[in-house]
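Student: I have a model open on my screen and would like to learn how to read it. Could you take me through some of its features, one at a time?

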Amino acid sequence: MELSDGFKRQSGSCAMSEDAMRATKVIAILNQKGGVGKSTTTINVGAALGEMGKRVLLVDLDPQGNTSSGLGIEKGELDRCVYDVLIDPDVALEDVIVSEVCEGVDVAPATINLAGAEVELVAEMARENRLKGSIAPLRGAYDYILIDCPPSLGLLTVNALVAADKLLIPIQCEFYALEGVTKLLDSMKRVKTYLNPSLDIFGVLLTMYDARTTLSKQVASEVRGFFDTLVFETVVPRSVKVSEAPSFGQPVTEYDTNGRGAQAYRALAKEVVQRG
């Protein structure tokens, strides 16, 4: 799957070429465990790709809205968010986008209203396809669309898996790192079988790695043994600066531009591009 050569969306165009649609890579960032770095990864990979000249859209599909607030978006001031896109067929994804939150990066934000979508969509037709349908018109407008998923395997996450081309799984280098991964993979396989035949794992990312501890090294070895070449070479170190950056509404690539965390996410972004 080749990358696009910049921002290819053309106003007034009624149809998107097949090549342009293929050029956009839609990646869901998912682990049903909380606290593994999903939002942090979404924000910082997106920012690092933006620095590289890529056009990136971050879709915040987590009712906690950490990707939105982590990039300085005041959720209380939003008139609409991804919730409205999923529930109201008259609201397009582009209607809720906050543009240029950092270099090359737009955000479709989430608010706590999104928590109600799980219940409200249950009785709706084609409920698993709502996000996919809203993303479709933007294929070709971005090089990458990254979806920050909630820490669950509910209907919002199913929407992400149906909409995505690939799945990126962050795994923290702590006890029970692989706990629940089998259930996650089973869910992915069911979606692949019944709803999205092209879905596959794009990569597995080791986060919160502390090279000083035997535990981190053991977990990294275990994860690489389980996922083999799917694991990115880059590991994201445990870093105070990475943790602090969201409270300032910035990616770590801006907040601590020369720090270990920023360097790690830039290296990861290069791997993402290399994987195509």
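Student: Which residues of α2 meet which residues of α13?

Tutor: From α2, Thr40, Thr41, Asn44, Val45, Ala48, Leu49 and Glu51 take part, and they meet Tyr265, Arg266, Leu268, Ala269, Val272 and Val273 of α13. Contact here means heavy atoms within 4.5 Å. Sorted by class, this contact has eight nonpolar, three polar and two charged residues. The nonpolar class is Ala, Val, Leu, Ile, Met, Phe, Trp, Tyr, Cys and Pro, the charged class is Asp, Glu, Lys and Arg, and the others, Gly among them, count as polar. A word on the source: this is a predicted model, local features need pLDDT of at least 70, side-chain atom pairs count only at pLDDT 80 or more, and totals for chains, interfaces and linings use all residues. Residues are numbered from 1 along each chain as its sequence is written, and side-chain values use heavy atoms, with hydrogens and water left out.

Student: How should I describe the way two helices pack?

Tutor: Two packed helices are described by the angle between their axes and the distance between the axes. Here, the axes of α2 (residues 38-51) and α13 (residues 260-274) come within 8 Å and cross at roughly 75 degrees. Axes are lines fitted to C-alpha atoms, for helices over the stretch in contact, and angles run from 0 to 180 degrees between N-to-C directions. The two helices α2 and α13 are therefore roughly perpendicular to each other. Angles of 65 to 115 degrees count as roughly perpendicular, under 35 as roughly parallel, over 145 as roughly antiparallel and the rest as oblique. The helix and strand names come from DSSP runs (helices H or I, at least four residues; strands E, at least two), numbered from the N terminus.

Student: How many residues of α2 are buried?

Tutor: Twelve of its 14 residues are buried, so α2 is largely enclosed by the rest of the structure. Buried means under 20% relative accessible area, exposed over 50%, and partly exposed in between (1.4 Å probe, protein chains only). Among the buried ones are Lys38, Ser39, Ile43, Val45 and Leu49. After α2 comes glycine 53, with a positive phi near 95 degrees.

Student: And what span should I expect for α9?

Tutor: The expected span of a helix is 1.5 Å times one less than its number of residues. For the 14 residues of α9 (residues 181-194) that gives 20 Å, which agrees with the 20 Å between its end C-alpha atoms.

Student: What should I look for in phi?

Tutor: Most residues other than glycine have a negative phi, and most peptide bonds are trans. Alanine 126 has a positive phi of about 50 degrees although it is not a glycine. Alanine 126 sits in the loop between α6 and α7 (130-135) and is partly exposed, at 47% relative accessibility. Tyrosine 176 is not a glycine either, yet has a positive phi of about 60 degrees. Tyrosine 176 is in the loop between β6 and α9 and counts as exposed, at 61%.

Student: Is alanine 110 buried or exposed?

Tutor: Alanine 110 is buried, with a relative accessible area of 0%. Its place is the loop between β4 (105-108) and α6 (117-120). Leaving aside neighbours within four places in sequence, alanine 110 is in contact with Asp60, Asp62, Gly65, Ser68, Lys75 and Cys81.
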